[in-house]
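I looked up the domains first, then the sheets, then single contacts and backbone details.

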Amino acid sequence: MLVARPPAKVNLTLSVGKRREDGYHELRSVFLRIGLADRLTVSAAAANERDELAVTGLPGCPVEGNLVLRALEVLRRDRAEGPPLRASLEKQIPMGAGLGGGSSDGASALDLATQAWGIDLPSAQLDGLAIGLGSDVPFFAANVPVALVEGRGERVSQLPAVVGGAGILLAISTLSLSTGSVFARFDEIGRHSAGEATDLLAEALRGGLEGAALADMAGSLSDANALWPAASSLAPELVERRAWLEQCSNRLWMMSGSGPTLFAIFPSVAEAIAGGEELAQQPTDAMRGVMLCATDLESPDPAWRQEWPTDH
Ligand code: C5P
């Protein structure tokens, strides 16, 4: 049996250009891999079976159309020879959260299936399969801790990792947002961004950036997600939640990807946990249904998590 732990990401910056003719947008984004991962296993199925997938962990994660199965399909289209596989996916990364979970599962499935079938695809061919699965998949397929991601998502340039790591506190909603509808609202609002924050952060990372210094950059990252106006107009509760989080934690919060997950950066995971514990003691309706989750940048399982008490 082959095992992978597909990790989540947050977008530290996300600048978005105009809609292209193919419907996608030109992006410039710094992706940061974080310590929250699904678990994917792949083993041989009986010879007469088809590829199959079982999903556990979180309710509502579809089998049909799951990027794990789509990864097997596209590999078979290129190299139809492999024996049938049985995949098992244990979800921990919420779906439609802006954390890239489904894309990461797809990238891991490409990796495990090529291992299972003993095939060694040229990297250009794998890159093509990855972007064919989805815009976030090339980042996960590159298997790097931090990257500047450009184009539709297919240009991935590795950046140096955060020196000594960092802590991330996530505020994950039960609500999910469809990436396509957030981009559609973005087009209606029409506020494109050039991406100065992306350049500034990439430059700082290239110079060697510690967790505390990254946390100190929150001021320049706080407006650096061009999808915030669109996501928060589709999910207006995010505005109040973000304001509450900022006021109570005395720290700036950002949105990952197309949302709705909000996050704050701490110098260390211990400080992220302490920040989370402090927030969890304060009553508010703004956090109803939200799970707080403190992670480092590496461990597959988060260090601390707490669901917001619903009786607040
Ligand atoms: O590539 P993926 O299937 O993840 O994209 C989901 C949706 O997000 C697309 O259908 C498109 O509406 C939007 N998108 C975009 N520009 C990108 C990436 C995604 O418009 N670079």
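Which domains does the domain assignment of the chain give? I read off domain 1 as residues 2-158 and domain 2 as residues 167-307. I note at the outset that this is a predicted model.

**Entry 1. Between the domains**

I took the centres over C-alpha atoms and found domain 1 and domain 2 separated by 23 Å. Domain 1 puts 32 residues into the contact, and domain 2 puts in 43 residues. I then looked up the area buried between the two domains, which is about 2,800 Å². Carbon and sulfur atoms give 61% of that area.

For polar links I counted 18 residue pairs in polar contact between domain 1 and domain 2, both residues being at pLDDT 80 or more. Which elements give two or more residues to the side of domain 1 that touches domain 2? I listed β2 (7-19), β3 (25-37) and β7 (146-151).

The salt-bridge rule finds 3 cases across the interface of domain 1 and domain 2. I also looked up R28, which forms a salt bridge with D199. The closest N and O atoms of R28 and D199 are 2.8 Å apart.

**Entry 2. The four-stranded sheet**

I traced an open sheet of 4 strands in the order β2-β3-β7-β8, with antiparallel pairing.

I checked V30 and found L148 in β7 as its bridge partner.

I then asked which strands helix α6 lies across. Helix α6 (residues 196-206) lies across β2, β3 and β7. Its direction runs at about 50 degrees to β3.

**Entry 3. The five-stranded sheet**

I traced a second open sheet, with 5 strands in the order β10-β11-β9-β12-β13 and antiparallel pairing. Its edge strands are β10 (254-255) and β13 (304-307), and each of them pairs on one side only. Helix α10 (residues 237-249) packs on this sheet and touches β9 (167-172), β10 and β11 (262-266). The direction of α10 makes about 20 degrees with that of β11.

One position I looked up was C293, whose bridge partner in β13 is R305.

**Entry 4. Pairings of β4**

I followed β4 (39-44) next. Strand β1 (residues 2-4) runs antiparallel to β4, with 3 bridges joining the two. V3 has T41 in β4 as its bridge partner.

How many bridges pair β4 with β6? I count 6, again in the antiparallel sense. For L40 the bridge partner in β6 is L89.

**Entry 5. Salt bridges over the whole structure**

I ran the search over the whole structure and got 16 salt bridges. Side chains of opposite charge can pair when their charged atoms come close. I picked out K91 and D38, which form a salt bridge with their closest N and O atoms 2.6 Å apart. This pair links distant parts of the chain, 53 residues apart. I placed K91 in the loop between β6 (85-90) and α2 (101-116), and D38 in the loop between β3 and β4.

**Entry 6. Backbone exceptions**

Most residues other than glycine have a negative phi, and most peptide bonds are trans. I went through the backbone for departures from this.

Is the peptide bond from G259 to P260 cis or trans? I find it cis, with omega near 5 degrees. P260 sits in the loop between β10 and β11.

I also noted N143, a residue other than glycine with a positive phi, near 55 degrees. N143 lies in the loop between α4 (137-142) and β7.

Notes: Residues are numbered from 1 along each chain as its sequence is written. This is a predicted model: local features need pLDDT of at least 70, side-chain atom pairs count only at pLDDT 80 or more; totals for chains, interfaces and linings use all residues. Side-chain values use heavy atoms; hydrogens and water are left out. Two strands pair if DSSP finds at least two bridges between them. Contact means heavy atoms within 4.5 Å. Axes are lines fitted to C-alpha atoms, for helices over the stretch in contact, and angles run from 0 to 180 degrees between N-to-C directions. Domain bounds come from an automatic or database domain assignment. Buried area is the accessible area (1.4 Å probe) that two parts lose on being put together, summed over both. A salt bridge is a side-chain nitrogen of Lys or Arg within 4 Å of a carboxyl oxygen of Asp or Glu. A polar contact is a pair of N or O atoms within 3.5 Å; within protein, one must be able to donate a hydrogen and the other to accept it, and residues adjacent in sequence count only if both atoms are side-chain atoms.
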